[in-house]
Amino acid sequence: MESKDLFERYLQAVGKYLPWRRQGDIIAELRANLEAQRDEREAELGRPLSEGELIHWLKELGPPHQMAARYQPPRYLIGPAIFPMYIHILRLVAMWFSVAFALSIVIRVIVESHTPQWVATQIANYPSLLIMAAAWVTLVFIAFEYISERYPETCPDIMASGPRWSPASLPPLDKESAPGIKPRSLTGAIAEFVVQFCLLVWLLLIPSHPFVLLGPGAGYLEHSSVRLAYVSVAFFWAVVGLNMIQLVWQSFNFMRGTWRIPSRVQHLVTKALGIVPVAILAFAPGHRYLELNPSEAARLPNGFNFVTLNQSLFGGVLVVLAIVSIQFVWDIWKTSPSARAARLRMVF
C-alpha cells in the first residue's frame, strides 16, 4: 500500500459525504491543511511517514464521515455530528428497500398470474412505501439526537473513530471517472434502477399479455396468416437476460458503493452483451423471421413471398449488427491508451 495512494483514498472517501457543488473547494482546502500537518510531522521525524505512521495519523483524524461533518452546513433536528451517518444509513435503506421491492414483484410476476394493472398498482405504491421507510429512519435519528444532547453520558460517541475503523478499509481510488463528469446523485441512481426494473417487468408481461406490447394489434396477431418464427423467442429471452444482468449489476454497484461513477467496464460489457440479441437474429436458421400460420393459411394474400420478405428483414438485421459492432469497437478504442494519447496531442 503506497502512502500517497492511501492519502488520496482518504480524501476521496471524505468527498463522497460532501455536497457536489462545494466538493472541489472543500477537498482542496482539506488537502492543503492535511498536507501541512503531514509535512510538520515529517519535519519533526526528519523523514517521510512510514505506512504504519500514516495509518495511525489517519486514524487520529477519524473516519471520512466524521471529517466531512466539520464542513457540513448547520442542520436541524439531526445535528452535524450524526448527519453524515444518517445520510449513509438512509442510502443503505433506500437501496436495500428498492432491491427487495423490485425482486419481490419480479418473482411474483414469474410465479403468480398478475395483470398489468396489478403491476402498475404496485409500482405506484413504491414512492409512498419508500418515503415511509425513510421516515422511520429519520425518526430514529431524531430521537438519537434528542437523547444524545440531553443525556450525553448515556449515549456512546458514534462518531469516534474507535479501534474498529482502519484506513486500510478505505475503498480504492475511482480510476474509472473522467475529469469534469458529475457523479450520479442517489436520486438519479435509484431512478435509473426503478426504470430498469419497470422495463424488466414490462418484458416479462409480454408472453402472457401481448397487449402491453402490441396494444389492440395483439388480437389481430392471433388470427394473422403470418406469425413470428421461433428465432423471435430466442431473441426475446436474450433481451430479458440482458436486462436482468443490468439490473443485478446495478444492485451490485449499490452494495459496493460504486454507483456514483459510471463504470467503463460495465459500459463495455453491456455494449458487448447488447450485440448478442442482434447476432441471434443475424444467424437465424435460414434467415427466417416470419413464417406461415397453418391455421390461417387460407387468408394469406395471393403472391405473398416469404423469401423476399425474410431476405429484406435479414438485410436490416445486418445493418443493425454492423452499427452496434462499430459502436462497440469505437468505445473500446476510446478507452485505449492510444486514444488518450491522441486526445492529449489535440489539447497540446
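Just after helix α3, Gly62 adopts a positive phi of about 105°. Helices here are DSSP runs of H or I with at least four residues, numbered from the N terminus. The structure is a predicted model, in which local features need pLDDT of at least 70 and side-chain atom pairs count only at pLDDT 80 or more, while totals for chains, interfaces and linings use all residues. Residues are numbered from 1 along each chain as its sequence is written, and side-chain values use heavy atoms, with hydrogens and water left out.

Helix α3 itself covers residues 51-61, and its buried residues are Leu54, Ile55, Trp57, Leu58 and Leu61; buried means under 20% relative accessible area, exposed over 50% and partly exposed in between, with a 1.4 Å probe and protein chains only. Seen down the axis of α3, these buried residues fall within an arc of 160°, so they line one face of the helix. The arc is that of the directions from the helix axis to the C-beta atoms.

The largest nonpolar core contains 24 residues, and Ile105, Val109, Phe197 and Val201 have the most contacts inside it. Such a core is a set of buried Ala, Val, Leu, Ile, Met, Phe, Trp, Tyr and Cys residues joined through side-chain atoms within 4.5 Å. Two or more residues are given to this core by each of α5 (83-111), α6 (116-150), α7 (186-205) and α10 (231-256). A second, separate core has 21 residues, including Phe7, Leu11, Ile26 and Met67. Neighbours within four places in sequence aside, Ile105 is in contact with Trp118, Gln122, Phe197 and Val201, where contact means heavy atoms within 4.5 Å.

Aromatic rings form seven pairs. Rings of Phe, Tyr and Trp (its six-membered ring) pair if their centres lie within 6.5 Å; planes under 30 degrees apart count as stacked, over 60 as edge-to-face and the rest as tilted. The ring centres of Phe101 and Phe197 are 6.5 Å apart and the planes stand at 65°, so this pair is edge-to-face. The pair links distant parts of the chain, with Phe101 in helix α5 and Phe197 in helix α7, 96 residues apart. Both Phe101 and Phe197 are buried. Ring pairs also join Phe97, Phe101, Tyr126 and Phe197 into a cluster.

Gln246 lies in helix α10 and is buried, with a relative accessible area of 19%. Apart from neighbours within four places in sequence, Gln246 is in contact with Gln196 and Thr270.
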